[in-house]
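The entry is shown first.

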Amino acid sequence: MKTKIKQVTIVKQGSSLLIEKPFAYVLKSKLRGELCDNCFRRRKLLKCSGCQYVYYCNRECQKESWDDHRQECSNLRRVSPRIVPDAARLMARIILKLQRGGDLEKSYYMETSFRKFKDLMSHYSDIKQDQKRMEHFTSLCGVLIDFIGENNLPNSAELMGIYGRLCVNGFNILDPEMLSIGTGIYLACSVIDHSCDPTAVAVFEGTTIHIRALKVMPTLDWKKVFISYIDLLNFPKDRQAELQATYYFLCDCRPCNNIKEIESLSLLLCPNQDCGAGIPVRQQDVGDLFQPCSCCGAHVKLDTYKEYLEVEEFTKHQLQNMKDIAYLDVCKVCLKKQQGLFHPLDLLHVKVLDLAFESSIELGQWEQANEYGQELVAGYQRHYKEFHPLLGIHYLKLGKINLYLKKLKEALSMLKNAEKIIRVTHGETHTLYKDQLMSLVRQIQGEMSIT
């Protein structure tokens, strides 16, 4: 497999460590007809004349995809109008690719080090003990028998091994705004472990994955290169639960184990209005003495502490209800209850602000979105750290919003902040940087020079 490897002695921030094409991948079925099935780009699309199911932007993309699509084309036509689940379609592609020699395919992450599909961890024993995964696997087997035929399926042990490798090693392929648009298996990149304090980041250009350094490293040691498998805007216990349920391991990184860091995620606003500091909310009985503010020494009343806990519980409940779709009015209720009680960097406050910001954008309430977005910056910096693609993209969104509101100076400031981050996380050749971000910078600079 064609993989670009950057051989360096000192790894600089923003260095490209690995660029890899997927071993197998699928577009999310709900985006069928919106994005090209081959390159995942949003263009004018043409439907495959064979299956009438997949769409391509041109004949070149159709030809590139033919090795994967040849065998599934007639199968998709046969089961139409049923929609094949994404996981079943990806498993079918992997099975058929392995049959035509894909098991010999190598993907290099060093000049002499590579991975084949069989090298990926399957967590076979964990999968067998996982009731939800086994129910999912059983349902997929039924779909696969109907989709590609029982004769094309390997024995049950091999099939479960393929399923396990897909579950544990699959990457969500993300669009420029870090939203999932598909799933892919990347052999070389599977060597990279997780940390909630990552040293690198995975971003995508179409279906190609780019691993880029977030921190300076004395040398390229893949045992010390970490990316985050999950969203970091969460409490450690929730991150651990997600990692255990999805990948069958627990994280032992500093943010998951440092007591002070964990305590600082829940912050009461100091009752002294002239202070504004945050007071960590320790998990204790309400009858215990609450620690005074470390900045001004002000004490929190027991009733205030109880009120915080009530609003905290209310907020968690509403966030759970908004897991699939956010409602701006619900976000506003949460924020009103938190006002004067939650510190601006409190994690639950930031999570609600995040939803309120996105909901305002969806509703086209640009002034409101700008207000929420500005307030959200400090929370993103605290919980995502200084260099994270989501912080860079957030600045980019704020730049676009301020441009729409004709606030050119503010828009340019936001885009300059975005540029510092995205140059590191994506690189100057990425379309997000050169075609979107810098194009907007030039547009605003041009408008400002005229005025």
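The sulfur of Cys-73 lies 3.9 Å from the closest cysteine sulfur, that of Cys-48, which is too far for a bond. The cut-off for a disulfide is a pair of cysteine sulfur atoms within 2.5 Å. The model is predicted, and a search of the whole structure returns 0 disulfides.

**Cysteines**

- Cys-48 takes part in no disulfide; its nearest cysteine sulfur belongs to Cys-51, at 3.7 Å.
- At 3% relative accessible area, Cys-48 is buried.
- Cys-73 is also buried, with a relative accessible area of 7%.

**Packing of H12 and H13**

- Helix H12 spans residues 366-384 and helix H13 spans residues 389-404.
- Their axes are 10 Å apart and form an angle of about 160°.
- Angles over 145 degrees count as roughly antiparallel, and H12 and H13 are therefore roughly antiparallel to each other.
- The crossing of H12 past H13 is left-handed.

**Contact residues of the helix pair**

- On the H12 side, the contact is made by Trp-366, Ala-369, Asn-370, Gly-373, Gln-374, Leu-376, Val-377, Tyr-380, Gln-381 and Tyr-384.

Terms used. Residues are numbered from 1 along each chain as its sequence is written. This is a predicted model: local features need pLDDT of at least 70, side-chain atom pairs count only at pLDDT 80 or more; totals for chains, interfaces and linings use all residues. Side-chain values use heavy atoms; hydrogens and water are left out. Axes are lines fitted to C-alpha atoms, for helices over the stretch in contact, and angles run from 0 to 180 degrees between N-to-C directions. Helices (H or I, at least four residues) and strands (E, at least two) are DSSP runs, numbered from the N terminus. Angles under 35 degrees count as roughly parallel, over 145 as roughly antiparallel, 65 to 115 as roughly perpendicular and the rest as oblique. A crossing is left-handed if the near helix is turned anticlockwise from the far one by less than a right angle, and right-handed if clockwise. Contact means heavy atoms within 4.5 Å. Buried means under 20% relative accessible area, exposed over 50%, partly exposed in between (1.4 Å probe, protein chains only).
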